Structure formats: structure tokens, C-alpha cells
Amino acid sequence: MSNPKPSSSRVSGLLQVIERSAGTGLDDKNVENVSQATAKILRMLGQQEKTLTESILRKSKVSQSLVTLLMTTQDVALHLNTVHILVHIASSSNSKCTRLVRQGAPHALLRSVAATSRVRPLLEELCLHQHLLLIKLATKEKKLALKARLCGVVTVTLDLAKQCINNIDLSSPLLQVLKIYATNHSNSLSLVKNGVLNLIERYFSMYGKQNIAVFRYALELYTQVLAIRANAVKAAANGATRRMLDLFNYWTDLDKLHKFVHIRKSILNSIKHLVGNESGRKSLIKCDGISILYATAKQSDEMKQEIQRNCSTHTSSDFKLRVTVNTQDIYKKTDTTNPNGKAIDNLALTCSQIIRKSMPKVCLPIPSLHGPVYFDESSLDPTDPYLLQEYKEDGYEDEDEAPAEEVPLTLTNVEDFLKFFPELTDYQNNKVILDQLSEYRKEFITLVPQTPSNSQNELSDERSDTGPISVIVKPVLQNGSSQSIRSQSSPKSSGSDPLRKISNSCDPNLPPSVTSKRSCRNVKSVTNSLSNMSLGDSPVLTASYSPPPAKAVKHFAKVAAPDMYSHRPPHYLEQLYDPIQSVQRTLMLLDIARAVHPETLINRIAYDQDELVKTEEPSNHALSNIKWDPALRRCKILPSIPQTRLNADPPLDVLSQHMNEENSTGTVNIPILQFESRHECGNLRKAIQVRIFEYDLVLNSDIGSTRHHQWFYFEVHNMVADFPYRFNIINCEKSCSSFTQGMQPLLYSAHDALTNGTGWQRCGKRICYYKNNFVRKATEDTGRASAAQNMHTLTFTICFPHSHDTCYIAYHYPYSYSSLQAHLLEVQHLHGISSVLRRQTLCTSIGGNPVDLLTITQFSPSHNKSSANSINDREYVVLSARVHPGESNSSWIMKGVINFLISDSEKAQQLRNKFVFKIIPMLNPDGVINGSHRCSLLGVDMNRQWINPHPNLYPTLYHTKGVIQLLVALGKRPVLYCDFHGHSRKKNVFMYGNITQPADNATVKLLPTILDIHAPAFSFSNCCFTVEKSRESTARVALWRQFGITRSYTLESSYCGADQGLYKGCQLGTQHLEEMGAKFCEGILIMSSADQPCCLSDETDEDEDRTKR
Ligand SMILES: [Zn+2]
């Protein structure tokens, strides 16, 4: 008001005084002038000239002068004014602040702090402005903490904070600056050494509700300091955890209206650091911290509902539950009703993180990591020097292993392998071949393996085991009642196969989702492309063929229903599951609730294979050779025991059970679920009921190993329909899983299979995968659980479709050894099959199971003579699958391959005329039968044994190589080898190949390129062609190196689904896998045409409509 027209020249004049002083230095007279000038400027900044003054202060020269002044002046008043003006400049904009940093303000200021802090009495106003400026500059000076240490200011500021604890105004900036200093590791350590922890706790007790801002700055400094582990250890040792919990309790009591959620969150952040070490965890548990935090955690709306659903009290003797749960609501996403909902959920999340960190590690509820049954290795020739080799390493896919050294095999009895070439011996004079071989022998004396001498591998000729029918029989259902599934006792069936009927008239029973536009389009294209190749509906199915029972290491209690009633894929695409993010947090909190309220848990053992094995009736013929081994606490079973005929559940009983009506009183008995896994491919070891609808499940490790828990397959009955049963598989090993990316487990209902032909279906909601507090085992000496080996929980919730049903739950579509045998027997009985297929036993596995070798080609001259090559001119393709038993998807692809190759389609005929296919559909039958995931009975990953497989330990690999070696010896090196696998992390179907030189690029990439175009599930972009050292002993690399097979591949197929192409966003089903097999064969045909460019044009026209884009 007094200066209505403040002139910019006036401000400029004042600034000139400052600038001049910066240039010339300060004498006493100058100091006075400059002091007055700065004081005037400050006054103007506080009045209505503010804007104008600020605009002038923005000049670079001005700020530089002020920084210089800060460095040079000793005068307290001037010093204060200068800092004050600089605070204004730094606050005015980010760029001004950056400029001040560039002009050296931080350094000048730190020196100023160091100098003035020694002045007594303390210059409080100067101190305040210095630290306010430091806070501003820190936003642009990343190295402020380091510079502070170099200027010796860190402890100076700490001392100031100690002195000024009663000064509310000064405390806030000092605590903030200390927090900035504490971001540097050394600063943080030195602050603690000089007593910062005690200081902060004094602040805690002085401030609090009275001055929330100061209290909060102290909290933030505390959290920052504790971020350094050593500091947290020190604090925890001094009882900080208890004090922080008290603090948390205090604020929680105070915070009924959720106004201080941020404060509580800050306290929790400190506690999180404190429980990062053993002493912190211990004191948290000692102070009942888990209950305290759990009480907060369950305040989230979602959790409240979940607890209501799951933790209702029950009488322990019988589990009668009033049906109050509305099952429609169970999967609904809950709405947050509290306005602070998000912040509280966040708080709950931190609570649950702390609890999970602190919960004591628990050993798995099993007596030993080894399964209850093992394979008796002494049955293998113990004098064999190979057995002395170290063959027991457990290899994971990702681990690097040095390749084993190649030991050449000697060549004798090469003729024994000739029997595997019926296509040659049928039409060729044996002598010609032998002559050819003797030539070869001179050159490559060591290449062809010798036939093993052990009696195990008596090589039979063609397989003819189509003996009496006993086990695998298709279901026959008439007028709503079932016939016996044992065909010996079954009266004449009318031949009306309910499964076939369903497949012809599908639509009325399908769920509504099927009729969506998208599904309809996809269904059409899928069924069209499958109709040519599918043998599924051939009349042959009505006949019943029974393979001999598979030989297992363990005793099988039954045949699983899917092996009896077979599988029909649904006629619609199953979408990938869309996980709800918040569910995982809720489910983990439910796990925590167990520790807090153990009294609410049932903890009843529903299934225990270890106990069953112990008590199995020795009178049982199949078990006469079982010996309980007290030292190992396991049962020892000699391999190759002839098994008694397997028992099956009589379906009449099953069905009549299913027909039982529930009582109508409104109460439902919730009985305990019954489990069974002593069937082919089954591997459940233990089931424990923890809550009425919740079960913990433990999987068997692979036979001979303590690892590889991934595959699962088991039977459930005694369920009540439409209730959400939660299953937790608690001993998963891998750190990540496709179950977090839309994959669902599979459910098979025997009731549905019998009544409407439904097969395996993807099922399960609320699917999560997370680290749990179970560990593999206690360390031997202390008996305490070791921290390093945490297991993971796979959890999913299933509503069973019927009460009293017999259901099966599996990791992926099971495909048992018996399924393969049944399929091959069916195929063998096809009319005219002998002209295209021969089935032989390649060898016997160490578990005593015959390993199939199929030869598919046009044996008898086809009608169309002109197009057929003479057999001698045909090229060879060798295919194998299921070396890893858990990878059942590879068997479904192989089924598609076989069905396509023997079909009447034009392309299949062309393929048979051009090629001879040698197929080993199941390289590891023992692992498949016994429900292993990755290993042979020796606990060894066989796909790491291809370089030099021992004939007694790995007879299937040995003989497969022998067949290929003989081909090479005959000058018929296979044009293609492919081993089919399953992949647990990636989506789609894809290939691995070997390219080490540019010349191979086109050759190796041709087939994957073709498949990318023609096979909907296949994705070239997932393919990889590098030869890693860790893969040297795999089939793909070993056969490429040793036999020079350029096109030697691994075909990987996702357990989950596709993220590209026609099936994008959907899970892969058996129909897609079988289709993939067919497309793979078509790809070979196109590849062979492309190898001869003149024929290429014929193919492309015909295949145009099959391209996927
Ligand atoms: Zn594999």
C-alpha cells in the first residue's frame, strides 16, 4: 500500500548490491548494505510485490550470487536472509531448484550447517531454514546423503535433533533430513551407532496424537533406518518389535473411524523390517503379534465374508451343517462397501505379509520325503559295472549339467535289430542287408549297440497280446441302467454306446456358454478339421479289447474310471481362467487363520498311503512279495510281479449310489471326502481335512526320488453336490506355475461319463499358487525346519456336479499306459490295418512292461502304384513321446499322429507311400503307470541319458538308439526325429531344434514354419534353435550329434492354453492336441514337397483354406 507502484528497477537495484558483493567480496560496509538489501527483498517477498520480486529472482545470475554469498558470509543476519531467499527460489519451481543444485547450493549449504551448528546458543531460525532448504534441494540432488557425510554433517544433524526434541517447528525438518541421510547405507549404520534408535523412540513417546506430523516423520525415519538389515537386527534384539506392536495396538484402538490408516501402515512397515530376522520373528510370535495383526487383516471386507463362509464353528464328531451358504454367491466378486476399503485392504495385505514372514516353518506331514513304495534296484544285475556309475542325480530342466562322456558301444549281433524292420524283411532279401551292414561295419565299427544279454529283453516279434477280455471295456448303458463293465460277465449288449450317441447329438445338454457366437465358430472349425482323422467314433469301439494289466511298483487298488469309460472332449472351447487378483490375498489369510485359531481346524486324515501300504493284506496275491522295510520305513516291492486282475468298482453300485436322493429337511450331512490314488498314474499320498470344505493334499514324489511334485491324479468320493470344496496341494516345488496364468485342473465325473458321456473337463475356481510355510524336511541335526526349501501351495475350489459321485481330479488329461495299450489293440483290429501298421515289442522296461514300437507305412503295394515309392526308396521318420511321464499331453499328440497316419485320408496315403514311420509312443511306461512326473523307476530323468544309455538301466533308450543306428548303418538316416513333450510354463505348441551353422537354418526351420501356418495351436515365435550345453544328453541333441539327423526336434506342448492363433485365450484340450498330431503329419508331407520345389505348388492350393489366419 505504501508503495503503490513498486518498480522493477528498485528490486534490480537491490539485487545489484548483492551481485556486486559476490563479485568483490565482503567487507564490513558491504555486509551492512547487502544485509539491508536482502532484508528488503525478503520483506517484498512477503508482501504484494511477491510475484514481481519472484520473477526477478528467477534470473540465473541472482541465484548464483546468493550461493556465493552463502559460501562467503560470516554475518549471521545476512546468512539467515540469504538462506531464506534461497528457500523461496528453490520452492518456486523444479527447474530453479535444479539450477541451484548445479550452482553448488547443496555443498555451500552443508558447509553452512556445519559451521553454524557450533554456535551457542543455537541459531534456531537459521537452522530451520537451512534444513527446509536441504529438504528442497534433496529432491534434485541424489547424492545429498553422501555429500552430507563428506561434510561431516550427518552426526551434526543427529545432535541437533537430540537438542531440539522439544522444539516442534525444528523437529519436523530435522527428522526429514535425517531420513534423507539414512538412505545412504554407511550413514544409516553410523546414525544407529550414534543413538538414532533411542532418539526416535523418545520422539515416539513425546509426540503421537499430540503432533501427528512429527510422529509420522519419526516413524518414517525409523522405517528408513531399519531397512538396513544390521540395524533391524540390532533394534529387534533391543525389543523394538514388542514396542512397535504396542504402538500398533495403541493406534488401532484409537482408529475406530479409519482416519489414521497411514500411521498404522507406517508402523507396519517398520515391523516388516524387524521380522526380517530371526529375533524379530521370535519376539513377534512371543508377543502374540500374529493374533494382533490377524485381527487387522481380517477387517478387510472380503476377508470378513470369507471367514463367515469357512470358519464357522462345528461340532467335532459329526459335521452337520445347516445349509446357509448360498452357493450362487460363492464365486461372486465382493464389492468393497467401506469408503476406506482400499486403504484397509492395503493394511490387511501388509499384515498378512508380516505374518507369513514370521510364521514358523512346518515340516510336511509325511514320515519321509521318499514315497511309501520304492523300486528294488537289486533286481537289476548287481554285478554290472554300469550300476556303479553315479546315475542318481536329479536333474531339473533348467539346471546346467556337464554332458556325460560318450562311451562307444561294441558291435555284435546287429542282426537282432533287423526284426524291427518288417517293412524291409518282407520285401528284401536279408542277405542284401547283411552285406550292406558288413560294409558299414568296417567303417563304423563302434556305432551299433549290442543286444543286451539279459533275459528281460527277449525280443518278441509282432505283438499279439489280444488275450481274454478283463479290464478295459467301454461302458454300455441301456434304458437308464448299466451293464457290468466286466465283459466276461456282461450279458449281450445291444451295442448302443451312450458315448457315441452323445457325440452325434451334442447340443441340447451343453452349457449356455457353448452357444455364444465365438464358441460356435470355433466348434465348427475344430470339428471339421478333426472329422477326417478321428477314430473315436469308429464302430470298432463297440468291440472290447483288453490289454494285459500294467505292472506297477505299487499295488493298485482299482482301475480309475477314466480308464474304463474313456474320455470325450467337450464340443466347445474352454476359455482360460481369469484369476481375480484379490483372491490370493484372501486365501493366504485363511492359511494364516489356521495358526491363529488352531482350535477351528478339523485336521482329520482322510487318506494316508503310507499307512495303507503298511497294512495291505499280505494274503493278496499281488502283494505276496511286499516286504515292510523298517529301516527305510517303506515297503519294498520286487519289480515285475505278475499282478492279479485289477478290480474295478462295479458301476451298478456306483450308479445306484448316484441315484440316492438327498433328504429334504434342509440339512445336509457333510461327510468327510474319501480319496484314492492307488490306480494307474495316481499319485496322491495324503489328504487331510482341515476345515469342513477344505483339504490339504500331499503328492507322492517320483519313485526313486524325493522330488518332482507337479503331476497329480486322484479319485474323490463321498462328496455333496454344489458345495465349494477347497483343495490345497501343499508340496508343489516349482516357484512359478501355469496355474497363475489361466490354467485350470481337470475334473472327471464317473456319473456324467456313464449317463451322458462327458469326459474330462477343466474345472476349479479361486485358483492360486503361492509360497507356503511348509518345508521339505527338518535339518538332520537340529530337527528344525530349514528355511531355504519352502514349498508352494496350489489351491483350487471345486463344486462337484453330483452327490455320491466318483470323481477324479488331475493336473492334465491323463493318458495311462493301459489307455495306450487299449488304443493300440483297437487299432490292431481295424480292417486291413496290417497293410499299413505293424506293432512290435521294442523291449521290456525295467518295471517289466513291454515297450511298443510301431512301424507305419504302406506295406502291401497300394492300388495307386504310380504314386508309391518302393519301400526301399522311402525315407524314415522316427517319433517318440512320454519320456517324461507327467507330460500326458505328448501322448494325446502322439495319438493324433497315429490315428492320422493309419487313416484313409489322401494325405495319410501319400505319407505312407513316401515314408516309413518308426514310432515309440511311450518311452517311459513305468513312470507313467506309477504316477511319476519326470523320472524312471530309478529316479532318473531319462531325457538326460541319451548319450550313452545303458541297456539294463535304460532299455527303451538303448533300443530306440539301436533302431536308429541300424537305419544309419543301412544308409537310411532318418530325415526327421521328434520327441514329444509337455511344457509347464509357456503357452502354445512349439519346437526346439539344433542350429549351430547358418547352412542348417533353412532346413531346420522349415517344418516349424509350416506348422506355424497350418497348425492352429503351434507358434513359431515360441520356438528356439540354440544348442545349450545343459541339453547335450537330451534326445534332440544327442541323436543330432551322434547320427547326424539334421532335423532332430523336441515338440513342446503347453499344459495350459494358447495366446495366439485360432485358440487364443483358450485352454488346450485333447481334441486340440490330437489335431496337433494330425497337423504335424501334414506338416511333414508339405515339408517333403518343399524339399522338392517342383511339387510345392500342388500343396499350397489345397491347404489354403486350412491356414489359420
Ligand atoms: Zn519333457
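**Chatting through a predicted 1109-residue chain**

A: Buried residues make up 57% of the 1109 residues in the protein chain, where buried means under 20% relative accessible area, exposed over 50% and partly exposed in between, with a 1.4 Å probe and protein chains only.

Q: What kind of model is this, and how are residues numbered?

A: This is a predicted model, where local features need pLDDT of at least 70 and side-chain atom pairs count only at pLDDT 80 or more, while totals for chains, interfaces and linings use all residues. Residues are numbered from 1 along each chain as its sequence is written, and side-chain values use heavy atoms, with hydrogens and water left out.

Q: OK, how many helices and strands?

A: The chain has 39 helices and 26 strands. Those are DSSP runs numbered from the N terminus: helices are H or I with at least four residues, strands are E with at least two.

Q: And which residues touch the most other members of the largest nonpolar core?

A: Phe675, Tyr725 and Phe727, in a core of 123 residues. H38 gives the most to this core, with 9 residues. A nonpolar core here is a set of buried Ala, Val, Leu, Ile, Met, Phe, Trp, Tyr and Cys residues joined through side-chain atoms within 4.5 Å. Another core, of 108 residues, lies apart from it, and its members include Ala105, Ala161, Val196 and Val214.

Q: What is Tyr725 in contact with?

A: Leaving aside neighbours within four places in sequence, Tyr725 is in contact with residues including Ile670, Leu673, Phe693, Tyr695, Phe796 and Phe800. Contact means heavy atoms within 4.5 Å.

Q: Back to H38. Where does Cys1081 sit, and is it buried or exposed?

A: Cys1081 is in helix H38, residues 1070-1091. It counts as buried because its relative accessibility is 0%. Beyond its neighbours within four places in sequence, Cys1081 is in contact with Val897, Phe900, Leu901 and Leu911.

Q: Which residue lies over the face of Phe859?

A: Arg838, at 4.0 Å from the ring centre. A charge sits over a ring if NZ of Lys or CZ of Arg is within 6 Å of the ring centre and within 35 degrees of the ring normal.

Q: What about positive phi, say at Asp288?

A: Phi of Asp288 is near 65°, a positive value in a residue other than glycine. Most residues other than glycine have a negative phi. Asp288 lies in the loop between helix H18 (278-286) and helix H19 (289-297), and at 42% relative accessibility it counts as partly exposed.

Q: And Arg882, where is that, and is it buried or exposed?

A: Arg882 also has a positive phi, about 65°, although it is not a glycine. Its place is the loop between strand S22 (875-881) and helix H32 (888-901). Arg882 counts as buried, at 1% relative accessibility.
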